[in-house]
Amino acid sequence: MQNFETLKSLLSSPKRIVITAHANPDGDALGSSLGLYHYLKQLGHRITVIMPTEIPDFLSWMKDYDQVLVYENTRLFSSNIVKEAEIIFSLDYNSLSRTELMRSVLKESTAFKVMIDHHLDPDDFCQAVLSDTTASSTCQLVYEFIEMMGDATLFNKDILNALYVGILTDTGGFRYATSSRLFNIVASMLEYGIDNNKLSDLVFNAYTVKSFNLLAYCISECLEIMEDCNTGIIALSQADHKKYNIQRGDLEGVVNFILKIQKIRCAVLITERREIVKLSMRSKGDFSVQEICANYFNGGGHKNASGGAMKKPLKFVVNTFKELIQTEYKAELTKDVVLEF
Ligand SMILES: [Mn+2]
């Protein structure tokens, strides 16, 4: 970790600390933030966790969920806390743009900034950086950070439950982005008494009736399969958003369902918002949606999970995507994959 010693000495006396993560926080963003919060609290710091936008309801059982400030609802109050912070942690994002409306107040802050993240191509806005794209999740990196600090004795249930959530969500329940390094960490967590069954149930069996019906609608009415390209598309219009009263988080995980179809290697969820059309892409194996998002849709992320956006009408974006797949990626998407075990 870059500048680790400076950070360590800063943390050796009580500080005013702000922990942030990306807009539309997911299990990894919230889990890593709360995990770090429960750790730093034991060192005697004054810590505030601030998320740019609303945090998902299905994680409301997490310890100190109600202590998290949502910037979009508390702008002035939260801005003042950011301005007074001596250390700011940026978790699970690598570019200030990912914090949306928090961007400017974070940019102006003179606090010592720390990035802990696992996305590709980090921007240069932090003094201390723990960026590792081979890590399953930011939660894994926070676990390793606490170990690096020499504080493994401070691990407790609050920290580990929170970190386990992000490991579960970012690996899809240990289906991808795993490694022996991760499983060693998970083994230590289980030895500590973390309850995998209970946490997996809370994280993965968490549909509301509304979001479950919405998923059914997406699959039955909006799914289009490009069979000759092993690609699946779900596109939702503004009218769909109105009709189904779609809120932030309601579409969480929908895109992953497309990959459950045999042979599908590339999946995209395209949603039309008020002024922008957003794309959320997933892929299997070596096929990189990060490249597509970065090159054509002003975005990025991970090889197998990326996002992008375009200020164009929905139809235009859908057609752009389809054309791109047909002309640029068809060969790669349909080449035989030899399965060897
Ligand atoms: Mn993550």
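Biologist: Which residues in H9 are buried?

Modeller: A residue is buried if 20 or more other C-beta atoms lie within 10 Å of its own, exposed if 12 or fewer, and partly exposed in between, with C-beta atoms placed from the backbone. In H9, Ser211, Leu214 and Cys218 are buried. They cover an arc of only 55° around the axis, so they lie on the same side of H9; the arc is that of the directions from the helix axis to the C-beta atoms.

This is a predicted model, in which local features need pLDDT of at least 70, side-chain atom pairs count only at pLDDT 80 or more, and totals for chains, interfaces and linings use all residues. Residues are numbered from 1 along each chain as its sequence is written.

Biologist: Which exposed residues does the face turned away from the buried side of H9 carry?

Modeller: That face carries Val209, Phe212, Asn213, Ala216, Ser220 and Glu221.

Biologist: What covers the buried residues of H9?

Modeller: Contact is judged by C-beta atoms, placed from the backbone, lying within 7 Å. The cover includes S7, S8 and helix H11 (254-258). Helices (H or I, at least four residues) and strands (E, at least two) are DSSP runs, numbered from the N terminus.

Biologist: In what order do the six strands of the open sheet stand?

Modeller: Two strands pair if DSSP finds at least two bridges between them. Here the order is S7-S8-S9-S10-S12-S11, with mixed pairing. S7 (223-226) and S11 (300-301) are at the edges with a single partner strand each, so one side of each has no neighbour in the sheet. Strands S10 (residues 277-283) and S12 (residues 305-310) pair in the antiparallel sense over six bridges.

Conventions. Two residues are in contact if their C-beta atoms, placed from the backbone, lie within 7 Å.
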